[in-house]
Number of protein chains: 2
Amino acid sequence: MDNRQTKPETLIARPDADGTGIDGSQRAIRDAIRDAIVDRRLMPGTKLTETDVGALFNVSRTLVRGALQALAHEGLVTVERNRGAFVANPSPEEARQIFATRRIIEPGILAEAARHMTPAHFRQLREQLVDEGRLMTERGQSARRAEIKASGDFHLMIAAITGNAVMQRFMDELIARSSLVIALYGQSTASSCGHNEHTQIVDAIEAGQLDRAGRLMVHHIHHIEADLDLRIRRANELRDVLLP
Amino acid sequence: MDNRQTKPETLIARPDADGTGIDGSQRAIRDAIRDAIVDRRLMPGTKLTETDVGALFNVSRTLVRGALQALAHEGLVTVERNRGAFVANPSPEEARQIFATRRIIEPGILAEAARHMTPAHFRQLREQLVDEGRLMTERGQSARRAEIKASGDFHLMIAAITGNAVMQRFMDELIARSSLVIALYGQSTASSCGHNEHTQIVDAIEAGQLDRAGRLMVHHIHHIEADLDLRIRRANELRDVLLP
DNA sequence: GAGATCCGAATTGTATACGATCTGGCGGAT
DNA sequence: ATCCGCCAGATCGTATACAATTCGGATCTC
């Protein structure tokens, strides 16, 4: 009950002014819930009662509402009027749209990032690939979660290299929602293909074969989507099943 | 204007449940402020005092804060802790990032939209082009604003044709911020080139020349950006007050 | 007169209060 | 027994209250 003063309360320096007006404890709440969703510790459809969340963080509903609203903007939470907030439960169609968007955006991001790549960036990417490879060999639920997360981080890292904050925000959202979709619809087998493909992409960039890198990226995203089972809608909420 | 396809919801009439938890009067406030910003009726840097806005709409600060936070998420408003919300005042660098993002995304959107185009869609686009052409010939401040808006609507219309709601949301944000940037940095002369380019793009799609259409789109966005004067840092209200 | 300091009005940040709406169960009528 | 209305608890939506912070100006000092 006392593990809440992790964040210093009175702050002279402003921790993070990103212009969204979210900071301090409200940002902490948002980030904690987001991490829990992306990490699958909160299952889709789970109700996020304002009072309960507020009690956990020792804040009033006011801040909780703000955080939930922010997450709703990112597509990780769904808010229904007079009913409350729920962890998003993306439909197969929504999942397809997310990956379709990624196939459109990411090759372009790759090309833009390539123009800014320095040896230091390549080193960073290679390190990321090593981490991914290590997680791939491990077994167990937590390693699996870490692998999904690491796989997303690879894509985010490329977006970060572009230095384009607007695109980075889009990618943040897409990767977070992708993680949710993978957690929902992913088949437990065979997600290791991703790592090889990441390596190939970096190789292609380093070899200056940008077109090839772009094509590899599109295929890679296709493969991630192909690894899903989007036929069934996995809903733990009847209301989601019954609504067409 | 809001041609976003709404997801099928419950049978009970709910004004607009888009999953963001924003509806009713809060949505009205957000949309009113957004329109005012995009239409240049609110100049960049203008303070949006919560009490004042609330008084205008006869609501409490609670709802105003929510609306401002939502707008901050879209990049149209900047919130500084303990200081309040201001109409966004995008820096030249931010402007460049916005257009860079559009150059990356929009050719892909075009290709995707082309796959879904029906004769009805072409008719709709042609009508849009006629409207643009008409506004182009008119003079005056209000016609100018309408022209900027119509130009953005063309791009949004193409995004809508893809049927991809995720991408549509990204484009909504990009177009809104672009309008803000154009209002800030646009040179009053020569924005009519846009209309011709739009026509050429539609022609190319209809002729099945997708590659050409994509290239035209990239050039078009380049031209919009080239028409800005990004040398001046944060052009402010003086120029607009003094110039007719 | 220039500059520092302090105070009060204005504004924001957060919590709380209160009415509205939903949910689920109880009891009566058929 | 089943269906229906009705009430109570839970939860949300919005307004208001109070604390914290900022900002501008009056005052004081040199």
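In chain A, three strands make up an open sheet with the order β1-β3-β2 and antiparallel pairing. Two strands are taken as paired if DSSP finds at least two bridges between them. Helices (H or I, at least four residues) and strands (E, at least two) are DSSP runs, numbered from the N terminus. The edge strands of this sheet are β1 (47–48) and β2 (77–80) of chain A, each of which pairs on one side only. Strand β2(A) is joined to β3 (residues 84–87) of chain A by four bridges, and the two run antiparallel. Within β3(A), A:Ala85 stands opposite A:Val79. Helix α3 (residues 61–74) of chain A packs on the sheet and touches β1, β2 and β3 of chain A. The direction of this helix makes about 115 degrees with that of β2(A). Contact here requires that the C-beta atoms of two residues, placed from the backbone, lie within 7 Å. Axes are lines fitted to C-alpha atoms, for helices over the stretch in contact, and angles run from 0 to 180 degrees between N-to-C directions.

The model is predicted: local features need pLDDT of at least 70, side-chain atom pairs count only at pLDDT 80 or more, and totals for chains, interfaces and linings use all residues. Residues are numbered from 1 along each chain as its sequence is written, while chains are lettered from A and ligands numbered from 1 in the order in which they are written.

**Chain A as a whole**

Chain A holds 10 helices and three strands, and its elements follow the order α-β-α-α-β-β-α-α-α-α-α-α-α from the N terminus. Of its 244 residues, 39% count as buried, that is, with 20 or more other C-beta atoms, placed from the backbone, within 10 Å of their own. Among contacts in chain A with a separation of 6 or more, 71% come from residues 24 or more positions apart.

**The sheet of chain B**

Chain B has an open sheet of three strands in the order β1-β3-β2, paired antiparallel. Its edge strands are β1 (47–48) and β2 of chain B. Two bridges join β1(B) to the antiparallel strand β3 (residues 84–87) of chain B, and B:Leu48 stands opposite B:Ala85 in β3(B).

**Contact between the chains**

The contact draws 33 residues from chain A and 31 residues from chain B. On the side of chain B that touches chain A, two or more residues each come from α3 (61–74), β2 (77–80), α4 (92–116) and α7 (165–185) of chain B. Of these, α4(B) gives the most, with nine residues.

The axes of α4 (residues 92–114) of chain A and α4(B) come within 8 Å and cross at roughly 145 degrees. In this helix pair, A:Ile104, A:Ile105, A:Gly108, A:Ile109 and A:Glu112 meet B:Ile104, B:Ile105, B:Gly108, B:Ile109 and B:Glu112.

**DNA strand D**

Around DNA strand D there are 18 residues, of which A:Glu50, A:Gly84, B:Ser60, B:Thr62 and B:Asn82 come nearest. A residue is near the strand if its C-beta atom, placed from the backbone, lies within 6 Å of it. Elements that give two or more residues to this surface are α2 (50–57) of chain A, together with α1 (24–38) and α3 of chain B.

**Composition by class**

Ala, Val, Leu, Ile, Met, Phe, Trp, Tyr, Cys and Pro count as nonpolar, Asp, Glu, Lys and Arg as charged, and the others, Gly among them, as polar.

| Contact of α4(A) with α4(B) | six residues | two residues | two residues |

How values were computed
Buried ≥ 20, exposed ≤ 12 C-beta atoms within 10 Å, placed from the backbone.
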